[in-house]
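Dear colleague,

Please find below the structure that I am handing over to you, together with its sequence. My notes on it follow directly after.

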Amino acid sequence: MTDTSLSSTLQAKITARTAKAGVVGLGYVGLPLAMAFARAGFSVTGFDIDPSKIEFIDRRESYIEAVPTEMLQVECEAGRFTATCDFNLLAECDIIAICVPTPLTVHRDPDLSYVAKTAEAIAKTLRRGQLIVLESTTYPGTTDEVVKPILERTGLKSGSDFFLGYSPEREDPGNRQFHTASIPKVVAGDGEAAAALMQAFYGATVETIVPVSTTATAEAVKLTENIFRAVNIALVNELKLVYDAMGIDVWEVIDAAKSKPFGYMPFYPGPGLGGHCIPIDPFYLTWKSREFETPTRFIELAGEINTAMPHHIVTRLAEALDIRSGKALSRSKVLLIGLAYKKNVPDIRESPSLRLMELIERRGGSVYYFDPYVSEIPSTREYAELKGRRSIEWDEAALKSFDAVVIATDHDNVDYDAISRCAPLIVDTRNIFARKGISSDVIVKA
Ligand SMILES: NC(=O)c1ccc[n+]([C@@H]2O[C@H](COP(=O)([O-])OP(=O)(O)OC[C@H]3O[C@@H](n4cnc5c(N)ncnc54)[C@H](O)[C@@H]3O)[C@@H](O)[C@H]2O)c1
């Protein structure tokens, strides 16, 4: 079969919804994506190395908030979704999307080992006519320089034997307004045939596609979005410190500034950056830019400011304890509210709350946490000593036994009224009390 007939065969299968899709990595990104493919009418197989995820799916139970269990059940019962640890079944898929982690190494360099291992697994059964799509966030050039060579080691060529593309994920856990299919999706292919297949497949799956000219451009789009966030959050964090020193409330400033109908977009300060994306992705570009001898000073400065925020919060806490109750942090008992990195989700990856706990303990304080979404701290690479700590139960009497309460994450389902009534001191990093119209002398904004 010629390359043109290979691509037109896949085009026809996409149009007829007889193309089989595979999703490798069934986490926060992969499971919602698999659902979007299935809901578009494709038969989807999910692949993961974690057997517990496959067991959940076999029980038809979701473990990702963005995917309701009922939705998973519908797609499984319709025969459009199954999951497996058996990577030999990749051979049966016409389209394979890669959604595996792209973290940083301990030296803060890109760790592409998950992507490379997945590409190697796909290469084992790669066949003519397949479309392979990288969805993981990464630096410009990864699809072309990392994934393609691994796949081409099979002797098959991208653009003629198989097709290769990149499409970044814009999943926003906890966002109730947008879901995978309603978020515009940037797509690019390695060559014209791959680009056309990417547009056909994603055009069939999501409401709006945004084609760009190369896979490196699509990779750069994703990094640009997240760098924009990291830099703007650093900017408001810096402004918070300056305005604090001047006795100006940064939250009031932002609220008024956002009344400008053009040219301003609000970002909010906090205890530091968290999640798998914003604290990490910018450094993928920093690393790659070294190859081009072009510094990324903005990104690194933003990283420095954001990384310093937990230290700033702990300093404010120590000062407030000292001034208001004459107590040293080293003799204080602190309750931290919210372990997840953002409100209403259970994700603690890179959460500044973990750093806050570590810093408070390093200064001799004792710290407990409450998070309705995180009952126990799992094993993490950076905070091994916190593993197994459990979210405490509290009532008004228990609150009074703490010297201070720190609001690190402003989950909706927390009784802030009770906290404001009973805690002797509150350090609020999210302005939640003011937003709820609760005022009290014991509240310190930080
Ligand atoms: N979480 C988000 O909000 C978000 C948003 C946009 C983009 N991204 C990007 O999407 C990618 C995936 O992130 P995530 O949040 O879904 O990660 P995740 O940790 O939630 O899920 C990754 C999954 O991949 C599996 N996995 C790891 N190695 C594997 C392998 N070799 N083969 C098969 N499965 C493997 C893991 O078991 C896990 O289930 C990352 O590049 C991330 O930067 C994430």
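A residue is called buried when its relative accessible area is under 20%, exposed when that area is over 50%, and partly exposed in between. Phenylalanine 228 has a relative accessibility of 43% and is therefore classed as partly exposed. Please bear in mind throughout that this is a predicted model.

Aromatic pairs

Searching the whole structure gives 13 aromatic pairs. In one of them, the ring centres of phenylalanine 228 and phenylalanine 267 are 5.6 Å apart and the ring planes stand at 75°, so this pair is edge-to-face. The two partners come from distant parts of the chain, 39 residues apart: phenylalanine 228 belongs to helix H8 (residues 215-246), while phenylalanine 267 is in the loop that runs between helix H9 (250-257) and helix H10 (281-290). Whereas phenylalanine 228 is partly exposed, phenylalanine 267 is buried, because its relative accessible area is 6%. Elsewhere, Phe37, Phe42, Phe201 and Tyr202 are joined into a cluster by ring pairs.

Charges over rings

Two arginines also deserve mention here. Arginine 59 is placed over the face of phenylalanine 56, 4.7 Å from the centre of the ring. Arginine 108 has its charged end over the ring of phenylalanine 283, at 5.3 Å from the ring centre.

The ligand

Which residues are the closest to the ligand? They are Val29, Asp48, Lys53, Thr102 and Thr137, out of 26 residues that surround the ligand. Sorted by class, this shell consists of 12 nonpolar, seven polar and seven charged residues.

A polar backbone atom of valine 29 lies 2.9 Å from a ligand oxygen, and a polar side-chain atom of lysine 53 is 3.0 Å from an oxygen atom of the ligand. For valine 100, a polar backbone atom is found 3.5 Å from a ligand oxygen. On its own the ligand has 820 Å² of accessible area, of which the protein covers 91%.

Glycine 141

Finally, a note on glycine 141, which is located in the loop between strand S5 (131-134) and helix H6 (142-152). Is this glycine buried or exposed? Glycine 141 has a relative accessible area of 7% and is therefore buried.

With kind regards

Conventions: Residues are numbered from 1 along each chain as its sequence is written. This is a predicted model: local features need pLDDT of at least 70, side-chain atom pairs count only at pLDDT 80 or more; totals for chains, interfaces and linings use all residues. Side-chain values use heavy atoms; hydrogens and water are left out. Rings of Phe, Tyr and Trp (its six-membered ring) pair if their centres lie within 6.5 Å; planes under 30 degrees apart count as stacked, over 60 as edge-to-face and the rest as tilted. Helices (H or I, at least four residues) and strands (E, at least two) are DSSP runs, numbered from the N terminus. Buried means under 20% relative accessible area, exposed over 50%, partly exposed in between (1.4 Å probe, protein chains only). A charge sits over a ring if NZ of Lys or CZ of Arg is within 6 Å of the ring centre and within 35 degrees of the ring normal. A residue is near a molecule or strand if one of its heavy atoms lies within 4 Å of it. A polar contact is a pair of N or O atoms within 3.5 Å; within protein, one must be able to donate a hydrogen and the other to accept it, and residues adjacent in sequence count only if both atoms are side-chain atoms. Accessible areas come from the Shrake-Rupley method with a 1.4 Å probe; for residues, only the protein chains shown count as cover. Ala, Val, Leu, Ile, Met, Phe, Trp, Tyr, Cys and Pro count as nonpolar, Asp, Glu, Lys and Arg as charged, and the others, Gly among them, as polar.
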